[in-house]
Amino acid sequence: METDHLFLKPLPNLATPTMPVGFGFYYMIGTDPKLMPVVKTFLNPDIDVATVDPVGPSPLLVHKPMLKRLARPWFDLSKKMQDDAGAQRVFGWVLEMWG
């Protein structure tokens, strides 16, 4: 978790082995007209941009086996987005949350 999230009570663990749970961010909507063209450039063509969840990496509850499967692709996508000038321009500081 990031240091800017303070929980005063334990969170219920609603994550399952097949479905993680994350906090939704209103400014990470992949279908936003300003963001959608850039989001689409990083999606597999068979993935609908409307199915991209508006969650960042924090807070996130995920089972370890799923995290092991996701860690490398997540890192690779983050690096690819960080190295893309269009993504840098459109996302600005929020880019770090997309990867």
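The model is predicted, so local features need pLDDT of at least 70 and side-chain atom pairs count only at pLDDT 80 or more, while totals for chains, interfaces and linings use all residues. Residues are numbered from 1 along each chain as its sequence is written, and side-chain values use heavy atoms, with hydrogens and water left out.

Gly22 lies in strand β1, which covers residues 21–24; strands here are DSSP runs of E with at least two residues, numbered from the N terminus. With a relative accessible area of 34%, Gly22 is partly exposed, a term for values between buried (under 20%) and exposed (over 50%), found with a 1.4 Å probe on protein chains only. Leaving aside residues up to four places away in sequence, Gly22 touches Val55, Pro59 and Leu60, where contact means heavy atoms within 4.5 Å.

Turning to the rings, the whole structure holds four aromatic pairs. Rings of Phe, Tyr and Trp (its six-membered ring) pair if their centres lie within 6.5 Å, and planes under 30 degrees apart count as stacked, over 60 as edge-to-face and the rest as tilted. One of the pairs joins Phe25 and Tyr27, which are tilted, at 5.7 Å centre to centre and 50° between the planes. The rings of Tyr26 and Tyr27 are edge-to-face, because their planes stand at 85°, with centres 4.9 Å apart.

Conventions:
Helix = DSSP H or I, 4+ residues; strand = E, 2+ residues; numbered from the N terminus.
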